[in-house]
Amino acid sequence: MRDPKEIIAARAAKELKNVKVVNLGIGLPTMIADYLPKDTDIILQSENGILNMGASAKAGEEDPYIINAGAKCVTVKSGAVFLDSAASFSIIRGGHVDLTVLGALEVDSKGNLANWIIPGKLLPGMGGAMDLVTGAKKVIIAMLHTQKGEPKILEKCSLPLTAVGAVDLIITEMAVIEVVSEGLLLKEVHPNYSVEQVQAQTAAPLIVNRKIVSNYDF
Amino acid sequence: MSNILITTAQDAVSQIPDGAVVMLGGFLGCGAPETLIDALVKKGSKNLTIISNDAAMPNVGVGKLLKNGQIKKLLVSHAGTNPDVKEKMNNDKEFECEFIPQGTLAERICAGGNGLGGILTKTGLGTLAAEGKQIIKVNGQDFLLEIPLKADFALICAYVADKMGNAIYRGTARNFNPLMASAAKQTIMSVKKIVEVGEIDPNDVITPGIFIDYLIQEAA
């Protein structure tokens with residue numbers, strides 16, 4: 001059985017089509033880069049100040065001056081640019097990032113997103129997430145469908161929001177769900193699951209109005 | 001003539017009093033002025049308000065000041081990599097941590113240094129980050145008014161500077177450093193290498209030396 005996170009990353013990689021500038025969040029979204037074709041001309045942006053970020057640095061070849069937004073040493077591609085934080089966020093806020101993929105604690109049927117704080121428990125802070133989901137042209141949430149068996153896709157977020165109505169698409173190990181004006185449209189179901197199983201793990205009604213397909217590879 | 005003072009980290013931070021507002025460059029420790037932070041830990045100034053991108057890690061960058069109990073208030077975009085922040089929030093009622101969206105933090109610092117009255121952004125609308133803030137309509141669209149951030153001292157780090165303080169950076173160690181250079185009453189900059197005036201091509205200078213008050217050569 002494949003790691004569910006790999007299933008998600010591989011499926012999410014297929015959404016990186018017809019886009020030029022992409023920002024991948026820390027954690028699971030970063031894994032998406034491993035599933036892009038080697039010759040991809042996508043420009044990965046890292047909010048700490050890189051355009052055209054490359055792969056992780058190999059052991060022994062790390063340059064402590066070149067890290068990603070998760071403090072891991074990375075490489076840069078030919079044609080890369082280093083930026084200060086104001087210029088980096090001008091790119092993000094100014095609508096020059098075509099697509100961002102982030103993780104989430106909760107997403108709801110209105111496309112609201114919560115991923116920065118669980119009051120009293122978890123205090124990561126929003127980092128660049130609020131700017132990314134506000135400024136990027138398209139926002140995809142790539143996450144496990146549930147957290148310790150509890151649904152993360154809800155009718156209404158219970159945690160403090162990162163942004164209102166910003167999410168376009170949700171990709172989990174079970175399904176691909178699009179946020180539309182009427183709610184959550186079930187577009188794909190992983191072959192290991194049924195529509196009923198996906199609905200049972202989702203705390204919001206799913207719109208199922210067409211033949212469900214799968215573009216999952218494994 | 002330039003009135004920049006080339007001195008030791010110890011000497012430069014000796015004027016930072018208890019209760020000062022201090023900006024610290026760096027992103028999760030990359031580009032953090034570690035030499036200056038070490039000197040500030042040694043000096044032991046207390047009740048500091050620190051403005052920085054993040055809380056770094058327990059023994060890295062701003063994390064050293066936190067561990068040493070020198071910070072009263074922390075303004076950052078992210079603290080998830082330093083468990084000391086949560087522990088301090090649970091155990092020290094006086095300690096305060098305010099989260100600011102990263103792009104907003106950057107622009108508020110720029111506004112502080114650029115002489116602007118504030119900036120308008122959509123980031124944070126409809127969230128806790130908008131609480132208590134004015135919403136301004138421009139061309140029919142809502143924006144949050146975010147006010148400038150300034151500091152008594154900015155502690156920043158560049159790669160190479162000439163003796164006038166004109167500085168260049170390397171890789172992602174640039175981050176908040178050039179923004180903070182102009183946003184404080186006194187700016188202390190540490191660099192890997194100090195060179196003669198004229199050795200840096202004017203085309204390459206990112207931070208002009210007029211913003212720098214103290215220049216420190218980092219320990220090798």
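This is a predicted model: local features need pLDDT of at least 70, side-chain atom pairs count only at pLDDT 80 or more; totals for chains, interfaces and linings use all residues.
View 1. Within the helix, residues 85-93, the buried ones are S85(A), S88(A), F89(A), I91(A), I92(A) and R93(A). Buried means that 20 or more other C-beta atoms, placed from the backbone, lie within 10 Å of the residue's own. After α3(A) comes G95(A), with a positive phi near 80°. Helices (H or I, at least four residues) and strands (E, at least two) are DSSP runs, numbered from the N terminus.

**View 2. The largest nonpolar core.** Here M23(B) and M189(B) touch the most other members among 131 residues. Strand β9 (residues 151-162) of chain B contributes the most, eight residues. Such a core joins buried Ala, Val, Leu, Ile, Met, Phe, Trp, Tyr and Cys residues through C-beta atoms within 7 Å.

**View 3. The open sheet of chain A.** Ten strands with mixed pairing follow the order β4-β3-β2-β1-β5-β8-β12-β13-β14-β15. At the edges, β4 (74-82) and β15 (206-207) of chain A each pair on one side only. Pairing requires at least two DSSP bridges between two strands.

**View 4. Where β2(A) meets β3(A).** These strands pair in the antiparallel sense over two bridges, and Q45(A) stands opposite L51(A).

**Notes.** Residues are numbered from 1 along each chain as its sequence is written, and chains are lettered from A and ligands numbered from 1 in written order. Local features need pLDDT of at least 70 and side-chain atom pairs 80 or more, while totals for chains, interfaces and linings use all residues.

Terms used
A residue is buried if 20 or more other C-beta atoms lie within 10 Å of its own, exposed if 12 or fewer, and partly exposed in between; C-beta atoms are placed from the backbone.
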